[in-house]
Amino acid sequence: MDLCPSVKNILLLDSEGKRIAVKYYSDDWPTNSAKEAFEKAVFTKTQKTNARTEEIAMFESNIVVYKFVQDLHFYVTGGEDENEVFLATVLQGFFDAVDILLRGNVDKKEALENLDLILLCIDGIVDGGIVLEGDANSIASKVASHSIDSGAPFSEQTISQALATAREHLTRSLLK
Amino acid sequence: MAQPLVKKDDDRDEEADYSPFLGIEKGAVLQEARVFHDPQLDARRCSQVITKLLYLLNQGETLTKIEATEVFFAVTKLFQSKDIGLRRMVYLMIKELSPSADEVIIVTSSLMKDMNSRTDLFRANAIRVLCRITDGTLLAQIERYLKQAIVDKNPVVASAALVSGIHLLQTNPEIVKRWSNEVQEAVQSRAALVQFHALALLHQIRQNDRLAVNKLVASLTKGTVRSPLAQCLLIRYISQVIKESSFNSQAGERPFYDYLEGCLRHKAEVVIFEAARAITELSNVTTRELTPAITVLQLFLSSSKPVLRFAALRTLNKVAMTHPMAVTNCNIDMESLISDQNRSIATLAITTLLKTGNESSVDRLMKQITNFMSDIADEFKIVVVEAIRSLCLKFPLKYRSLMNFLSNILREEGGFEYKKAIVDSIVILIRDIPDAKESGLLHLCEFIEDCEFTYLSTQILHFLGNEGPKTSDPSKYIRYIYNRVILENATVRASAVSTLAKFGAMVDSLKPRIFVLLRRCVFDNDDEVRDRATLYLNTLGDGSVAETEKDVKEFLFGSLDIPLTNMETSLKNYIQDPTEEPFDINSVPKEVKSQSLAEKKAPGKKPAASSTPAAAPTSAADAYERLLSSIPEFASFGKLFKSSIPVELTEAETEYSVNVVKHIYDSHVVFQYNCTNTIPEQLLENVTVIVDASDAEEFSEVGTKPLRSLPYDTPGQTFVAFEKPEGVPAVGKFSNVLRFTVKEVDPTTGEAEDDGVEDEYQLEDFEVVAADYILKVGVSNFKNAWESLGPDGERIDEYGLGPRESLAEAVSTVINLLGMQPCEGTEVVPSNSRSHTCLLSGIYIGNVKVLVRLSFGIDGAKEVAMKLAVRSENENVSEAIHEIVASG
């Protein structure tokens with residue numbers, strides 16, 4: 001029997017329950033439709049709560065800890081015998097790391113625009129259900145070690161990169 | 001609270017425009033992925049394309065085999081770029097694509113180069129990717145690097161290697177086990193997480209070597225554990241060591257208990273909670289051991305963090321099941337949690353309080369719950385209703401306030417499941433608490449006056465028809481029932497007509513009036529209602545005050561001795577091939593699938609969280625009675641007195657699984673052997689059980705009913721009947737051999753060969769004990785019942801029970817020996833008490849009511865003494881109870 005504290009999934013959903021980024025580590029939900037059903041059910045059940053601090057609920061013999069900020073819903077799921085406090089620390093690590101990576105602008109728009117960072121962040125927290133790193137600063141620093149160049153001053157970017165960035169901004173403002 | 005939601009509504013349109021993935025399409029992104037082949041790689045562009053691909057996969061999009069292969073090969077090109085960010089996205093993408101073995105070879109060299117890179121992040125991630133996609137042969141090639149990585153100076157690299165080791169242990173244990181020296185070294189690492197990962201891996205490598213685990217745990221409890229996570233892990237290992245060690249509570253200290261207690265003072269909450277939970281889950285935990293854990297959990301109850309409150313409550317809730325007294329200190333804290341914002345916490349608080357509460361606190365609690373009920377969701381309400389039902393069965397004297405509560409919530413808004421839970425609870429209370437019957441029935445009557453659920457209305461009408469006529473004033477229910485005939489839909493009307501007829505059949509004085517009502521029903525516009533009314537009018541007599549004939553009652557309301565599911569299949573078959581012959585009800589098989597076997601066939605299905613007491617046994621008893629009375633050989637034995645729970649006669653997972661149910665009659669016993677054949681290649685025929693009753697002198701065999709055929713996985717029953725002296729609780733031991741003819745079955749065609757071989761199969765012995773002759777029947781007011789029996793049939797004596805583990809253990813031993821129903825919750829012994837009084841009631845064979853008052857005392861040396869006072873209608877029975885105790 002495996003006694004190691006473990007996580008069954010990490011979910012980041014938007015305020016309508018749609019996926020931003022999800023990662024499953026357990027075989028409990030073998031198909032995409034099973035996963036979506038789980039997300040929908042968890043979302044519906046927790047949606048009405050005011051989870052500005054970490055909240056908790058039991059769901060289909062799983063424990064789900066969650067936290068909502070702006071239009072983002074953070075969830076971490078564990079088995080029913082899992083230490084609830086452990087799950088809450090994972091959630092906290094996840095949330096705080098995202099907060100650092102998005103420079104405090106924790107909302108759906110920012111998260112989607114930096115989806116690569118979010119995905120790397122989830123990848124850095126848990127590997128196959130086992131916690132790899134729990135401290136938000138360490139998680140974020142490993143993810144951000146490369147992303148510095150995108151946030152770096154324009155002078156350090158190559159001409160083509162600067163052009164690309166400019167083009168992006170332009171198309172976005174035109175589309176708006 | 002609603003602020004973020006409102007904001008969302010305001011700028012939703014704008015936001016949709018902003019999504020960088022709006023209108024994204026798999027085909028287009030795959031086109032874009034061509035940039036991976038550019039000779040001049042644009043790292044930024046490539047990263048974006050990978051992010052888009054990952055986004056699509058994350059949304060549930062799938063790539064075809066060809067697409068996946070194409071993307072994979074394109075992605076491998078990106079190893080040329082030195083960009084750190086892009087490389088990490090490449091790692092992520094490769095893991096997500098989970099390439100096939102021949103594809104893996106393509107990237108192996110690139111990844112191995114990264115594994116030896118000077119960039120720590122490359123080393124760590126390359127290890128994770130490679131271990132994720134590798135197979136056994138490749139693993140042997142990279143093993144050397146992995147061993148090195150485990151003891152790498154950089155903690156991220158070491159952790160990556162260790163965690164990968166944990167995953168690889170599942171698939172390639174023999175390779176990972178060779179790393180234990182390095183892992184051992186990593187356990188000593190100064191990096192907190194490396195120690196945690198190393199500990200997890202080392203334990204998994206050694207988990208089958210109990211001695212090694214003991215040593216590991218012992219050394220760590222003396223050394224330094226650097227991270228809370230590692231500490232939690234250690235606590236879990238300790239619990240396991242304690243569970244496996246042959247610890248004897250009388251011998252004094254439990255090993256490692258002090259360490260667990262020390263963890264309660266750790267600075268990380270996650271460790272404190274883990275330790276507290278571990279202590280509460282120790283087997284046979286004593287009050288002294290529990291106290292410090294309960295104290296920290298109590299502190300958590302008033303924490304500002306919902307997670308802590310929830311975790312503590314959930315643990316206390318479990319403790320309350322076994323040690324309700326230990327939790328009572330927390331009652332005040334829990335009461336304040338009834339109004340917790342988080343409804344999961346509030347519901348847990350209520351159900352825990354209902355478990356720990358004593359009789360005096362029930363009323364206060366009910367008042368609080370009433371306020372709480374209006375603002376929680378139905379699913380939580382159901383939990384509360386179930387908790388109240390079990391509370392009421394525990395304190396039958398409180399039925400009045402609990403029944404009132406149930407009827408009040410029944411009147412409020414609620415969905416079907418919730419209403420059904422309430423109705424079921426009331427029905428169970430009516431069945432088990434005789435005093436509650438009249439008020440309960442009236443509550444149900446009022447409910448159907450305004451009930452939107454046809455299913456519940458018909459259910460209640462049926463129940464009313466069975467119970468109503470037996471009350472002191474059956475006439476008062478008629479109005480409610482007839483109102484249904486006037487106001488409801490056809491289904492309910494038909495059901496109400498049947499209920500009316502039951503009153504007419506059972507209560508002779510009401511018959512003329514019932515006839516008036518039934519005659520009106522003949523003009524109903526639904527044919528089923530008319531048919532029923534006509535049937536009853538023609539069978540119940542002429543409408544005068546006269547007793548209804550027994551045959552008529554049996555015909556109309558007697559139970560059908562055929563399982564309805566069997567009836568249904570037979571009827572369907574009959575309709576499918578139309579014949580001239582009328583349907584023969586005798587052709588329907590009467591064999592009932594044994595309930596316990598059906599449950600066993602669903603492995604992995606969790607036992608229902610909340611028990612539904614009383615309901616199951618009642619229906620099981622009915623089913624047994626019906627089954628037995630359908631067998632002509634046993635029909636003459638009279639009324640079935642008691643059926644035991646099934647006793648297993650085989651180990652689990654054997655060729656044939658057999659259990660026995662002991663059916664007790666006044667002067668007979670019938671053993672029902674439930675057999676299951678678990679071998680697909682065999683068909684058993686003429687299955688009988690040969691019973692050797694030489695150790696049961698008072699029994700003599702009178703008949704057997706063999707089972708004609710026992711195919712694979714279809715349970716069947718064979719019976720053996722014995723005669724015994726009338727009304728005497730004869731006891732004895734029976735040894736059993738299963739005898740049968742076995743035929744080979746061709747697994748492809750399912751056909752059995754013609755020739756069979758006689759064979760036997762040894763079963764385990766079982767005994768008929770005194771408790772088999774006592775029915776568990778509770779009384780609602782023990783004191784009144786005790787007084788009413790009077791001192792004439794009373795027998796009192798004292799017994800020394802010798803040294804016992806605890807008072808609670810002694811009490812439960814005596815209860816099990818007598819097989820009687822504990823009353824008023826007296827089977828629960830407060831954990832620190834030195835004396836205890838337990839009240840039991842039951843029906844002794846011959847329908848003699850028996851009440852028992854047990855007074856226990858325990859001294860310092862754990863010697864238990866017991867005073868046994870028995871009252872019954874027959875002093876011989878009182879004597880008999882004493883004999884059971886004296887010989888047990």
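**Close-up views of a predicted two-chain model**

View 1. Residues are numbered from 1 along each chain as its sequence is written, chains are lettered from A and ligands numbered from 1 in the order in which they are written, and side-chain values use heavy atoms, with hydrogens and water left out. B:Arg493 counts as buried because its relative accessibility is 11% (buried is under 20% relative accessible area, exposed over 50%, partly exposed in between; 1.4 Å probe, protein chains only). A polar atom of the B:Arg493 side chain lies 2.8 Å from the backbone oxygen of B:Glu488. Leaving aside neighbours within four places in sequence, B:Arg493 is in contact (heavy atoms within 4.5 Å) with residues including B:Arg484, B:Asp524, B:Asp526 and B:Val529.

**View 2. B:Ala501, also placed in helix H30 of chain B.** B:Ala501 is buried, with 0% relative accessibility. Beyond its neighbours within four places in sequence, B:Ala501 is in contact with B:Tyr536, B:Leu540 and B:Phe557. The C-alpha atoms of B:Ala501 and B:Leu537 are separated by 8.5 Å, and the two residues are 36 residues apart along the chain.

**View 3. A salt bridge within chain A, between A:Glu39 and A:Arg19.** The closest N and O atoms of the pair are 2.9 Å apart (a salt bridge is a side-chain nitrogen of Lys or Arg within 4 Å of a carboxyl oxygen of Asp or Glu). A:Glu39 belongs to helix H1 (residues 32–46) and A:Arg19 to strand E2 (residues 19–24), so the pair ties together parts of chain A that are 20 residues apart in sequence. Both A:Glu39 and A:Arg19 are buried.

**View 4. The salt bridge between B:Arg871 and B:Glu794.** Here the closest N and O atoms are 2.3 Å apart. The pair links distant parts of the chain, 77 residues apart: B:Arg871 lies in strand E17 (residues 863–872), and B:Glu794 in the loop between helix H37 (782–789) and strand E13 (795–803) of chain B. B:Arg871 is buried, with a relative accessible area of 12%, and B:Glu794 is buried at 18% relative accessibility.

**View 5. The salt bridge between B:Arg795 and B:Glu875.** The N to O distance is 2.7 Å. B:Arg795 is in strand E13 and B:Glu875 in helix H39 (residues 875–887), so this pair ties together parts of chain B that are 80 residues apart in sequence. B:Arg795 is partly exposed at 21% relative accessible area, and B:Glu875 is partly exposed at 40% relative accessibility.

**View 6. Where chain A meets chain B.** In this region, 67 residues of chain A are in contact with 63 residues of chain B. The area buried between the two chains (accessible area, 1.4 Å probe, lost on putting the parts together and summed over both) is about 5,700 Å², and carbon and sulfur atoms give 57% of this area. Eight salt bridges are counted between chain A and chain B. One of them joins A:Asp123 and B:Arg88, at 3.9 Å from N to O.

Notes:
This is a predicted model: local features need pLDDT of at least 70, side-chain atom pairs count only at pLDDT 80 or more; totals for chains, interfaces and linings use all residues. A polar contact is a pair of N or O atoms within 3.5 Å; within protein, one must be able to donate a hydrogen and the other to accept it, and residues adjacent in sequence count only if both atoms are side-chain atoms. Helices (H or I, at least four residues) and strands (E, at least two) are DSSP runs, numbered from the N terminus.
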